[in-house]
Every structure is written in C-alpha cells, then in structure tokens.
Amino acid sequence: MSEVGQVAVKFWDVTYRLKQRALITQLNFEVHRGEILVLLGRSGCGKTTTLKLINRLLLPTSGEVWVEGKPTSHWNPIQLRRRVGYVIQEVGLFPHFTVARNVGVVPALEGWERDRISARVKELLELVGLDANHFAHRYPHELSGGQRQRVGVARALAADPPLLLMDEPFGALDPITRLEIQREFRQLQQQLGKTVIFVTHDVQEAFLLASKIGLMQEGQLSFWGTREEFLRSPLPEVQAFTQCLQPFNTTSDREAN
Ligand SMILES: Nc1ncnc2c1ncn2[C@@H]1O[C@H](COP(=O)(O)OP(=O)(O)OP(=O)(O)O)[C@@H](O)[C@H]1O
C-alpha cells in the first residue's frame, strides 16, 4: 500500500449508474503525484465519465473518489474545481473574452490583484509557446485550433492547480501540430511536476505521454500498468491497441499485392 501523501487521486470501488445502467463498474486505482495516467479506450467505454467523477461533476452511486486525501463528496465543488484544471477538446474558451481574460478567469475569481493577473497571464502564454504581445488581446475566433488548445492549457494552469484533467485535448489538431503540442506538453509536465489524468483513444498519444496506462472497457479497467507492461500484455484487448502502433509497412504491402 502506498503512502497516503503520494496519492493524488484514488478510486475506491467506484460504480456510477445512470437510470439503472452502470456506466462505471467497481473501478479501483490510484494515481500518484507527478504521474501522467493515460486512460485509453474505445469510444463510449467511460473515460469522460471517470474524469467527471474526479472533479465532482458527477458523484459515485457507490464507492468513493478521493482527491488529495478527501472524498469528492466532502469537497466543496467550487474549491475542488479550482484545485483541478480541466482541458477539453472543444477548449470551451469564452468567445467574447480576449485570450488574456480567458487565461486570467480563475485568478480573477480568486480575487487576485490586476497586476498579478497580468503578470501570470504573460508568464503562462510564454510557457505554452504563445507570444503574449501578439496573442493576449486577440479573441478566440482569431486563433488557429492549435493556438486555442495552447490557450486552453494556459487557462487550466492559471491558478497553479496540482491536478490536471485532460479530455482528448489535442484530438482536433492536424497530426503535425498534434505531435508538436504533445511533445511540448510532456516537457511542460516534467518541468511543472503536475499530476495529469489524460483521456484518449489514440494509442500513439498514450505511448508518448503516459507514465501509467489504464485501459478501459465497458466502464471497467481491463489493463493497468506501464508502457512496457502494455507492450508485453497477452490480453486480446491490449493487443488490439498495440497493433495500431505497428509502423505502416509499405514494402511488404506492395509485395503482398
Ligand atoms: N448523460 C448521459 N446520458 C446517457 N448516457 C450517457 C450520458 N453520459 C454518458 N453516457 C453513456 O455512457 C457511456 C460512457 O460515456 P463516456 O462519455 O464516459 O465515454 P468515453 O469513453 O469518454 O467516450 P468517447 O471516447 O466517445 O468520448 C456511453 O455509452 C455514453 O453513451
């Protein structure tokens, strides 16, 4: 059993039902501080529901989700969400706010002084690779998809939350921008030491980012382990994903035809 102080998130026998249908069934796992857990799985297997149970957008039907040593049912939802950054695919930036105001939204809610917010916004934009002089005063519709994702990451980091939940944040990007932003994000995470729970159905992305992989299937974990353990696993559902990692072999394909 690991030390309580090292555990950022713990699922303890968590089931979540919606109108009698179990979306999550008896989920048990721990995420340690500073880890990137990638929840991998096919569409509809319960990844997003799992994230929503962490920031208390949902409460378990039975069992408990612990965040920083306290069950989510004991957390004040607002305080909890300020400790947990949330990045989603559509980013969810406020369209009528500038980039600077979008990034500074949580510090403003926390009552920070204006100068402190401006300095923090500038620091964060630089951290995610955006020149503050160029971007701070633009509106979301004046940015590319990749730039909006960077702003989304900056906003999630604004009040320095120890935990980040990321739900297919880079899914809509072209493959080259996507790889660039994945690599930068990995470096950023190493630099900041945040705990990250990252949802994807892309096994390449999982391999690039994960310190642990949890494979979900029909609301349950069918595999839990490191990338190396994933590659060695004989489970058919794991092998279905590892096959997607094989490089595209054009020569043998041509020879076969
Ligand atoms: N509000 C809801 N009402 C009814 N069914 C729901 C609701 N939210 C989720 N579900 C169902 O629960 C299951 C899990 O959904 P969830 O969004 O967690 O999956 P996911 O793994 O994140 O999928 P994707 O990769 O497609 O986003 C799906 O079958 C979905 O249809």
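Q: What should I know about the numbering and the model before I start?
A: Residues are counted from 1 along each chain, following the sequence as written. The model is predicted, so local features need pLDDT of at least 70 and side-chain atom pairs count only at pLDDT 80 or more, while totals for chains, interfaces and linings use all residues.

Q: Which strands form the open sheet, and in what order?
A: Some terms to begin with: strands (E, at least two residues) and helices (H or I, at least four) are DSSP runs numbered from the N terminus. Two strands pair if DSSP finds at least two bridges between them. Here four strands make an open sheet in the order β2-β1-β4-β5, with antiparallel pairing. β2 and β5 stand at the edges with a single partner strand each, so one side of each has no neighbour in the sheet.

Q: How many bridges join β1 to β2, and how many join β1 to β4?
A: Eight bridges join β1 to β2 (residues 21-32), and five join β1 to β4. Take Val7, which stands opposite His32 in β2. Over in β4, Val65 is the bridge partner of Phe11, and Glu64 stands opposite Trp12.

Q: Where do I find residues with positive phi?
A: Start with the hairpin of β1 and β2, which has two residues between the strands: Lys19 has a positive phi near 45° there. Asp13 has a positive phi too, near 55°, and is not a glycine; Asp13 sits in strand β1 (residues 7-18). Glu68, another non-glycine, has phi near 50°, and Glu68 is in the loop between β4 (62-67) and β5 (70-71). Just after α1, Arg56 takes a positive phi of about 65°.

Q: Are Asp13 and Glu68 exposed or partly exposed?
A: You count C-beta atoms, placed from the backbone: with 20 or more others within 10 Å a residue is buried, with 12 or fewer exposed, and in between partly exposed. Asp13 has 12 C-beta neighbours inside 10 Å, so Asp13 counts as exposed. Glu68 has 18 other C-beta atoms within 10 Å, so Glu68 is partly exposed.

Q: Which residues have the most contacts inside the largest nonpolar core?
A: In soluble globular proteins, nonpolar side chains tend to be buried together. A nonpolar core is a set of buried Ala, Val, Leu, Ile, Met, Phe, Trp, Tyr and Cys residues joined through C-beta atoms within 7 Å. The largest one here has 64 residues, and those with the most contacts inside it are Val38, Ile54, Val103, Ala154, Leu165, Ile197 and Phe198. Two residues are in contact if their C-beta atoms, placed from the backbone, lie within 7 Å. Leaving aside neighbours within four places in sequence, Phe198 is in contact with Ile36, Leu37, Val38, Met166 and Leu209.

Q: Which residues of α1 are buried?
A: In helix α1 (residues 47-54) they are Lys47, Thr50, Leu51, Leu53 and Ile54. They cover an arc of only 155° around the axis (using directions from the helix axis to the C-beta atoms), which puts them on the same side of α1.

Q: Which residues are around the ligand?
A: A residue counts as near a molecule if its C-beta atom, placed from the backbone, lies within 6 Å of it. Those around the ligand are Leu18, Leu23, Gly41, Ser43, Gly44, Cys45, Gly46, Lys47, Thr48, Thr49 and His201. The largest share of this shell, three residues, comes from α1.
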